[in-house]
Amino acid sequence: MASPHNPNTFTDNPLDRASHLRADPEWLAAARKRDDTLFAPLCQLRPLLLPRGGDGGAAGLGWVTAAQLAGADLSNSVFLGLEGGQPYFAVDVSDLPEAASEAPFGMAGAFEDLMGALGRLDARSVSLLAQAKSMLDWHRRHGFCAQCGAPTVFADGGYRRDCPSCKAQHFPRTDPVVISLVVRDGRCLLGRNAMFRGPMFSALAGFLEPGETVEEAVAREVKEEVGIEVGEVEYLFTQPWPFPSSLMIGCVAQALTEAITVDENEIAEARWFTREQLARGLAQSENIDYRQMMSAERDADSPEFFVPPASAIAHQLLRAWVEAQE
């Protein structure tokens, strides 16, 4: 269900996931054949998107019916959930010849990269695609048993893979990531990732390790990346991130020290910023071509720095902190 008070992208999924129906193969088989059932087709993990409407509104998701998917193996389509009793599924059509045509399944659309299409889709659509892409990606990566190496088979509406050889059961995984806005005396610390050439500064992030609390992970990552000691850690909100399948855990960490020592393997530069600087950065973010800015060399027209786009949890962490300082 949608998260009404979460400002992040990918948090507006309206579906009832109806997990009690996944174990009912007869219901799933019947649902896949219903005339009103809708399938989100993805080709090489790229969703089918329709062009913007004549009124300039958001692009549409290319939902198709079972009849349009003739030839596809719908028994391996992932059950996404129900909305008003209507079933929704996601299906990998990478092996269908129709997927390579100019008008897939007779529709005036094309398969596009989800990240590149975020600004063109409405909140509901991108949230549904986060679920669909993560699930289909997991199936593509887990065709063999991690315990004995035998091929695994689709089960439980797509939320499990079973090994016929050793009887092991495998479930979709989500990797937790802590992302921390480090603050002290009315300023916050941001880092510039070494992999980007443009001057984008963001909150510090890293994967949660086994046997570690969120608070411990925040303290470790901040110490490793910028040499800052932190004390109190406050949780704000989370964001599903389907690239491939992470859960971003957004926090604010109170810094106990100020001197920055950058780990140059991951962070190229780190700075303390004032609220006023970040307020300007947030305002400028609406007019930035991020793909160009993160890959191009700086020139005279480039901003001194910029912050992540609104689709990123780092942007929402910054916005929440800036607005709390007003």
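Me: Is arginine 220 buried or exposed in this structure?
Reply: The structure is a predicted model. Residues under 20% relative accessible area count as buried. Arginine 220 has a relative accessibility of 16%, so arginine 220 is buried.

Me: With which residue does glutamate 224 form a salt bridge?
Reply: Side chains of opposite charge can pair when their charged atoms come close. For glutamate 224, the closest N and O atoms of the pair are 3.4 Å apart, and a salt bridge requires them to be within 4 Å. The partner of glutamate 224 is arginine 220.

Me: In which helix do glutamate 224 and arginine 220 lie?
Reply: In an α-helix there are 3.6 residues a turn, so residues three or four places apart point the same way. Glutamate 224 and arginine 220 are four residues apart, about one turn of the helix. Both belong to residues 214-226, which form helix α4.

Me: Which strands are linked by the salt bridge of glutamate 269 and arginine 192?
Reply: The two side chains meet with a distance of 3.3 Å from N to O. Glutamate 269 is partly exposed at 25% relative accessibility, whereas arginine 192 is buried at 17%. The two residues are 77 residues apart and link distant parts of the chain, namely strands β15 and β11.

Me: How many residues apart in sequence are the parts that glutamate 304 and arginine 271 tie together?
Reply: Glutamate 304 and arginine 271 form a salt bridge, with their closest N and O atoms 3.1 Å apart. Glutamate 304 lies in the loop between α6 and α7, and arginine 271 lies in strand β15, so the parts tied together are separated in sequence by 33 residues.

Me: Why do the buried residues of helix α5 lie on the same side of α5?
Reply: The buried residues in this helix are Arg275, Leu278, Gly281 and Leu282. They are on the same side of α5 because the arc they cover around the axis is only 120 degrees.

Me: What covers the buried residues of α5?
Reply: Helix α5 spans residues 275-284, and Leu278 is one of its buried residues. The elements that cover these buried residues include β11, β15 and α7.

Notes. Residues numbered from 1 in each chain as written. Predicted model: local features only at pLDDT ≥ 70, side-chain atom pairs only at ≥ 80, totals over all residues. Heavy atoms only, no water. Buried < 20%, exposed > 50% of the residue type's maximum accessible area, 1.4 Å probe, protein only. Arc of directions from axis to C-beta. Contact = heavy atoms within 4.5 Å.
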